[in-house]
Amino acid sequence: MQLKIKNVLVCDAVDKSCVELLQEHGINVTYKLKLPVDELCKEVKKYDAAIVRSDTKITAEVLAAGAGSLKVVGRAGAGVDNIDVPAATAHNVVVLNTPGGNSISACELTCILIGALARPVVPAGQSMKEGRWDRKLYSGTELYGKTLAVLGLGRIGREVAIRMKTWGMKIIGYDPITTEAEAKAAGIQKLTLEEIWPLADYITVHTPLIPATRNLISTETLAKCKKGVKVVNVARGGIIDEQAIIDGLESGQVAGAAFDVFPEEPPKSAVTKALISHPKVVATPHLGASTAEAQVRVAVEVAEQFIALNGSSPKYTSTAGVINKEALAHYQ
């Protein structure tokens, strides 16, 4: 397979390891960060490929502007919400991501947030900074013996399960694709969603945001859970209905929640702001992949796949991150 990628436009800041690897393999790289849409439309037609992270949106308008020249868009990260994949496919533009690059970082943040819900270290730490000694106010609960439901048993979900099992948690999970054997290998008892809701003390979501997963956790599903369930989202904003969580926190059906992702980032809606400011919510500004290690990993993984698409190196042959294989077939 050969797409002949010669010139690459980097639209968002990526680790220098990406640029260095591309240049070592004879690919020209140009940095033009956070371009307005009109300028991006003018620029994109000069390049064979583009690299983005979260900031730049590759819309149908941008793809139409690049038609005939743009062949590949690489996302240095797991999700491709900021790329119009159907429009890309229609223009024979290959879309790829780096599915494994930030798995460990997102997993570790998830585990840390689960711990922060069990032991209220965030408000306790703040009270200490303010000169108080509220020892009794910030009593918590053990994770040992509690049941953690992992919804989505891909790389990140399985890594979370492996780690939290070592804390003595019972791990149950759901995934329409993962087999029972694969789940069992990670120490997870695979169940249906209807079986999971009444059993979970903690729920963490690790699915893409698609129509089937939008508001996967809602007022309806929370009503089926134990009173005092705790919920974590380090996946995608919109998988959990934020208003449902606020209502659950007020009624006591939900005892705590942790969010790293939101439907709109930075958040602007009144509902999201109310969620973030709630005393029983731990909120972080989309830090799942924000580690030095993950940023190097995703940068290198994008570059490796570009080189593999070029077919110019026996060392780099994997294009595991390609989302729209129909577009790739156009060049084969």
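Which residue in strand 7 does Val 150 stand opposite? That residue is Gly 173. This is a predicted model, where local features need pLDDT of at least 70, side-chain atom pairs count only at pLDDT 80 or more, and totals for chains, interfaces and linings use all residues. Residues are numbered from 1 along each chain as its sequence is written, and side-chain values use heavy atoms, with hydrogens and water left out. Helices (H or I, at least four residues) and strands (E, at least two) are DSSP runs, numbered from the N terminus.

**Domains**

- The chain splits into domain 1 (7-99 + 292-330) and domain 2 (102-283); the bounds come from an automatic or database domain assignment.
- Taken over C-alpha atoms, the centres of domain 1 and domain 2 are 32 Å apart.
- Nine residues of domain 1 are in contact with seven residues of domain 2, contact meaning heavy atoms within 4.5 Å.

- Seven strands make an open sheet with parallel pairing, in the order 8-7-6-9-10-11-12; two strands pair if DSSP finds at least two bridges between them.
- Strand 8 (189-190) and strand 12 (281-283) sit at the edges with a single partner strand each, so one side of each has no neighbour in the sheet.
- Five bridges link strand 6 and strand 7 in the parallel sense.

**Around strand 3**

- Strand 3 (residues 49-52) points Ala 49 and Ile 51 one way and Ala 50 and Val 52 the other, and all are buried (under 20% relative accessible area, with exposed over 50% and partly exposed in between, using a 1.4 Å probe and protein chains only).
- Strand 1 (residues 7-10) runs parallel to strand 3 and is joined to it by three bridges; Val 8 has Ala 49 as its bridge partner in strand 3.
- Strand 4 (residues 72-75) also runs parallel to strand 3, with four bridges joining them, and Val 52 has Arg 75 as its bridge partner in strand 4.
- To get from strand 3 to strand 4, the chain goes through helix 3 (residues 60-65) in a right-handed β-α-β crossover: with the strands pointing away from the viewer, the path from the first strand over the helix to the second runs clockwise.

**Helix 7**

- Gly 157, Val 160, Ala 161 and Met 164 are the buried residues of helix 7 (residues 155-165).
- These residues lie on the same side of helix 7 because they cover an arc of only 100° around the axis, the arc being that of the directions from the helix axis to the C-beta atoms.
- An α-helix has 3.6 residues a turn, so residues three or four places apart point the same way.
- The cover over the buried residues of helix 7 includes helix 5 (103-118), strand 6 (147-151), strand 7 (170-174) and strand 9 (202-205).

- Asn 97 is in the loop between strand 5 (94-96) and helix 5, and counts as buried because its relative accessible area is 8%.
- The side chain of Asn 97 reaches the backbone oxygen of Ala 78 at 2.5 Å, a polar contact (a pair of N or O atoms within 3.5 Å; within protein, one must be able to donate a hydrogen and the other to accept it, and residues adjacent in sequence count only if both atoms are side-chain atoms).
- Leaving out residues up to four places away in sequence, Asn 97 touches several residues, including Arg 75, Gln 305 and Ile 323.
- Gly 77 is 20 residues from Asn 97 along the chain, yet their C-alpha atoms are separated by 5.9 Å.
- Ser 127 belongs to helix 6 (residues 121-129) and is buried because its relative accessibility is 1%.
- The side chain of Ser 127 reaches the backbone oxygen of Ala 124 at 2.8 Å.
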